[in-house]
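Subject: Handover of the structure, with notes

Dear colleague,

Please find the structure below, followed by notes on what was found in it.

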Amino acid sequence: EIQHGGVIVQRARDAFDSGRTRSIEFRRQQLKQMQRMYEENTTEMVEALAKDLRKSKQEAVLFEIQFLINEVTHMLHKLDEWAAPEKPPKPLVNAMDEVVIHKDPYGVVLIIGAWNYPLQLTLLPVSGAIAAGNCVIIKPSEVATETAKLIAELVPRYLDQECYQVVLGGVMETTELLKERFDYIFYTGSTNVGKIVRAAANQHLTPVTLELGGKSLYYQDASDMEMTARRVMWGKCANSGQTCIAPDYILCSKQVEREFVENAKKVLKEFYGENPKNSPDLCRIVSDRHFQRLVGLLKCGTVVVGGESDPTDKFIAPTILVDVKTTDPVMQEEIFGPILPIVNVENAFDAIKFIRSRPHPLTMYVFTKDKSIQDLLITHLRSGSVCMNDTLMQFCVDTLPFGGVGHSGMGAYHGIHSFNTFVHRKSCLVKDFNPIAEKLASKRYPPYSEKNMNFIKFMMKKRRGISMPYLPHLLMFVLGAAVAVGLTAIVTANGHYGDDKSN
Amino acid sequence: MAGPSEIVGKARRAFRSGRTLPLSFREAQLKQFLAMIEENKQDILDALSYDLHKSKQEAILLEVQIITKEVHEMLNNLRVWAQPEDVEKGLANAMDKAKIYKDPYGVVLVIGPWNYPVQLALLPAIGAIAAGNCVIIKPSEVTAACAALIARLVPNYLDKECCQVVLGGVTETTELLKERFDYIFYTGSTNVGKIVRAAANQHLTPVTLELGGKSPVYIDETANIEMTVKRVLWGKCVNAGQTCIAPDYILCPTSVQDKFVAKAKTVLQEWYGDNMKNSPDLCRIVSDTHYKRLVQLLRNGKVAVGGETDPKEKFIAPTILTDVKSTDPIMQEEIFGPILPILNVDDVTQAIEFINSREHPLAFYIFTNNKKVMEKLINNVSCGGISCNEPSCMLHNQFDTLPFGGVGHSGMGAYHGIHSFNTFVHRKSCLIRDFNSIAERLASSRYPPYSEKKLNFISFLLEKRKGLNVPYFSHLMVFALGVAATIGFKALPKFF
């Protein structure tokens with residue numbers, strides 16, 4: 001039953017106004033339901049992902065389902081801690097006041113998912129939004145049709161049907177939906193559509209998080225070529241390169257290129273056997289349109305590995321291109337496929353110049369043992385995140401905020417960062433009608449005078465506090481020592497008394 | 001006068017040179033900032049007096065001192081805040097380093113408003129500089145003397161390429177906004193906030209918008225009426241009500257209204273004398289446009305206190321209006337002037353309904369001695385920030401550990417102190433691994449060809465477990481260490 005966007009949003013708003021999502025217990029219960037939803041429907045989820053992307057069970061479980069379960073579990077462990085009002089440090093002058101930061105849910109949140117990890121990228125932000133106390137409208141990508149249908153079927157069975165709704169549809173339906181007023185919008189997808197979403201959000205001054213893409217390059221020198229090739233090809237071939245943080249292209253010297261290609265050939269055979277098309281572990285391209293787009297890119301440079309494609313299966317073999325020029329089409333857009341072009345640079349400085357001339361990527365990978373090069377690249381280049389000597393792994397550390405910068409996005413999430421994305425931090429200062437405080441503060445009332453002004457200046461002056469971060473620990477150490485001294489004294493005294501007694 | 005592209009180009013080249021990255025450079029710039037304020041205090045007071053008839057007390061306490069405090073806060077903490085943060089790691093990453101780096105965005109545009117023309121143009125710039133960005137400051141043209149002063153002083157004290165000032169009105173700002181910035185910080189009205197954000201969107205530039213709204217005041221019978229009247233009126237009269245967090249209107253029962261109005265008459269006379277126009281402590285309205293707008297609003301409801309105006313001086317007396325309807329013009333826009341309408345509600349539930357039927361305000365003031373009422377209001381009203389029993393125009397700013405910003409139409413993002421610093425850095429996650437063969441063996445199950453065995457092994461490694469979550473664990477350990485060390489010390493002599 002296709003409902004009008006206005007009806008859906010109003011239902012969510014009424015549900016939010018009813019106040020039921022404010023209760024931590026309610027949120028906890030909903031998160032537990034999400035856990036059950038994943039655990040009880042793992043087979044159906046694996047099947048839907050196989051139909052949409054020919055995703056293997058290992059990738060479906062590890063990159064999607066288990067990831068989702070872990071995030072919900074983490075939220076459940078930490079919900080009380082994260083939702084509790086924060087007490088920031090307060091100056092001495094305010095010793096008698098209450099100073100608190102409350103975590104208010106925004107209200108009605110719209111989450112627009114992507115097709116490449118259609119379960120994970122749609123539902124991961126949802127657990128954060130729910131934990132934060134919002135009502136959520138979920139718009140899965142229509143490109144991954146089976147997964148979208150499954151989400152639309154499962155969510156109402158497990159979660160509160162008014163607080164959390166699923167809307168299906170394509171560009172037209174999403175455009176209509178975006179005319180409604182939301183209190184927060186979370187979008188995962190391409191940079192171009194990201195701009196459209198943000199522009200739509202602007203009519204109502206709705207804040208957004210945009211998880212976009214870009215060409216996540218990687219730079220390498222000659223360190224540990226075999227391990228490098230293995231880790232890079234793994235990152236590139238997972239989901240057939242249709243990953244926002246897949247290593248998009250390589251920057252390295254001609255010599256490193258030769259060694260890399262040799263090792264890559266070996267690694268690909270290890271992974272997928274002689275004929276990669278027969279391997280059950282390689283995904284397919286999601287749609288004919290993307291397949292055509294990628295086949296077009298195969299014409300750039302020279303194919304040194306792979307290059308095979310099959311339109312009936314939307315299959316493209318893991319491919320490496322060399323002799324690629326920076327003006328080639330494959331270097332003008334995010335590849336989002338199993339094609340890895342190599343562009344030659346002499347050294348790290350050239351790499352920096354090259355990377356700086358392009359938009360900030362979502363991720364930068366650097367393969368080197370040389371710490372000074374690591375530091376150089378981290379300090380002088382901007383990207384959403386960085387991973388040294390591996391690919392994709394930074395995604396799994398849920399204490400690291402995951403997001404982009406510049407054209408690769410704004411905002412970040414995962415773990416506590418998900419929770420924080422979906423709350424507004426409301427500052428609260430509570431005083432009372434204390435007459436002493438009033439006397440002090442009354443100096444600010446007119447008629448103004450030099451004397452009163454100086455008094456207030458004095459009260460408000462910024463003093464460097466005893467700001468030793470380890471002061472509490474130091475005090476504990478001293479306390480421990482004092483207790484030890486006290487205890488030994490008591491024991492010794494008792495001992496003497498015992499001696500006296502025996503005498 | 002250089003065009004916008006030239007100005008932004010200069011800032012971008014300066015940023016690319018890497019000059020703003022070292023902390024010593026930023027500290028030197030911040031110290032120069034302090035010198036700039038301290039050595040030109042009189043000029044700043046004169047400019048504020050010229051533009052807004054601002055008294056010395058308000059100019060010092062609400063502009064100058066706030067700026068110097070923020071600079072000191074940055075200088076005291078910069079080294080700590082700029083450090084990469086270590087994060088907790090799970091079992092799977094035990095041998096890796098995981099940190100969050102604080103990267104400056106690049107070229108930041110700060111657009112200031114006219115009501116606190118020095119403070120609100122320079123305060124965000126301080127955070128941006130501390131964070132390592134290059135800054136372009138666009139002070140408001142409405143307060144021309146302050147804008148001209150900022151444009152004169154900044155190049156004499158700060159790096160001429162890393163910190164530039166651009167003057168101009170709507171046309172010039174529109175041109176400037178076509179350029180690409182890496183962050184835009186805007187303080188001003190909601191309508192212009194939308195325009196700024198739309199312009200930012202061409203380049204997907206993130207923004208902080210410090211906007212406005214109608215900040216309500218709720219007073220019930222349990223509030224100490226004398227103190228409440230003083231606190232509310234003070235918040236309203238400072239800068240002649242031209243403060244984004246000024247108490248805009250009052251919601252209270254009729255019984256409170258009568259007491260409030262009676263007390264207010266006395267208080268205002270105490271403060272400003274019989275002829276308020278002669279008091280040196282009352283600011284003027286900034287422009288003819290705003291003056292005329294406010295005079296129109298005086299026609300709503302009934303004037304219970306005040307109501308005098310003088311177009312020559314752009315003077316409006318502190319005024320209280322009663323019998324105001326929620327549909328009146330004065331309840332449709334942020335007042336931003338010394339006019340205080342009172343609307344009646346019977347109880348806290350009605351007040352909540354009233355406030356929630358409107359856009360989220362920037363501030364909400366509650367005056368009550370009843371803790372339950374306070375809690376109900378805090379938990380049910382969403383707004384930028386809440387103050388109970390204190391309109392903290394002044395003291396609110398004192399809390400640089402409290403984030404200051406709006407929600408919904410009152411804004412997005414927050415600043416002050418560490419929140420300023422954090423506004424202007426991008427937190428870049430870094431995972432640093434090595435070519436350790438043990439770690440590689442453990443992780444090799446991720447490679448194809450996939451198998452059930454590999455899948456189960458990695459699942460096991462990645463599974464989320466509740467950590468050893470004893471609070472104050474580290475404190476306990478150190479306590480135990482203290483005990484052990486002392487016993488150890490005492491035992492030492494026995495060995496000799």
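Helices (H or I, at least four residues) and strands (E, at least two) are taken here as DSSP runs, numbered from the N terminus. This is a predicted model, in which local features need pLDDT of at least 70 and side-chain atom pairs count only at pLDDT 80 or more, whereas totals for chains, interfaces and linings use all residues. Residues are numbered from 1 along each chain as its sequence is written, chains are lettered from A and ligands numbered from 1 in the order in which they are written, and side-chain values use heavy atoms, with hydrogens and water left out.

Backbone geometry

Most residues other than glycine have a negative phi, and most peptide bonds are trans. B:Ala240, in the loop between α9 (225-237) and β9 (249-252) of chain B, has a positive phi near 50 degrees, and at 1% relative accessibility it counts as buried (buried means under 20% relative accessible area, exposed over 50%, and partly exposed in between, with a 1.4 Å probe and protein chains only). In chain A, A:Asn239 likewise has a positive phi, of about 55 degrees, although it is not a glycine; A:Asn239 sits in the loop between α9 (225-237) and β8 of chain A and is buried, at 0% relative accessibility.

There are also cis peptide bonds to look at. One joins A:Pro446 and A:Pro447, with omega about -5 degrees, and A:Pro447 belongs to the loop between α15 (435-441) and α16 (450-460) of chain A. Another joins B:Pro448 and B:Pro449, with omega about -5 degrees, where B:Pro449 belongs to the loop between α16 (437-443) and α17 (452-462) of chain B.

Strands and sheets in chain A

Two strands are said to pair if DSSP finds at least two bridges between them. On that rule, six strands of chain A form an open sheet of mixed pairing, in the order β4-β3-β2-β5-β6-β16, and its edge strands, β4 (164-166) and β16 (409-410), each pair on one side only. Within this sheet, strand β5 (residues 184-188) runs parallel to strand β6 (residues 208-211) and is joined to it by four bridges, with A:Thr188 standing opposite A:Glu211 in β6(A). Helix α1 (residues 5-17) of chain A packs on the sheet and touches β2 (108-112), β3 (135-139) and β4, its direction making about 155 degrees with that of β3(A); contact means heavy atoms within 4.5 Å, and axes are lines fitted to C-alpha atoms, for helices over the stretch in contact, with angles running from 0 to 180 degrees between N-to-C directions.

Strand β13 (residues 339-344) of chain A is mostly covered, five of its six residues being buried. Three bridges join β13(A) to strand β8 (residues 250-252), running parallel, and A:Leu251 has A:Val343 as its bridge partner. Strand β12 (residues 319-322) is also joined to β13(A) by three bridges, again in parallel, with A:Leu321 partnered by A:Pro341.

Salt bridges

The structure holds 63 salt bridges over all chains, a salt bridge being a side-chain nitrogen of Lys or Arg within 4 Å of a carboxyl oxygen of Asp or Glu. In one of them A:Glu64 meets A:Lys55, with the closest N and O atoms 2.7 Å apart; A:Glu64 is buried at 0% relative accessibility, and A:Lys55 is buried at 4%. In chain B, B:Arg293 and B:Glu333 form a salt bridge at 2.7 Å between the closest N and O atoms. Because B:Arg293 lies in helix α11 (residues 288-297) and B:Glu333 in the loop between β13 (319-322) and β14 (339-344) of chain B, this pair ties together parts that are 40 residues apart in sequence.

The interface

Chain B has 128 residues in contact with 123 residues of chain A. The two chains bury about 11000 Å² between them, 60% of it on carbon and sulfur atoms, where buried area is the accessible area (1.4 Å probe) that two parts lose on being put together, summed over both. Between chain B and chain A the count is eight salt bridges, and the side chains of A:Lys57 and B:Glu452 meet in a salt bridge at 2.8 Å, N to O.

With best regards
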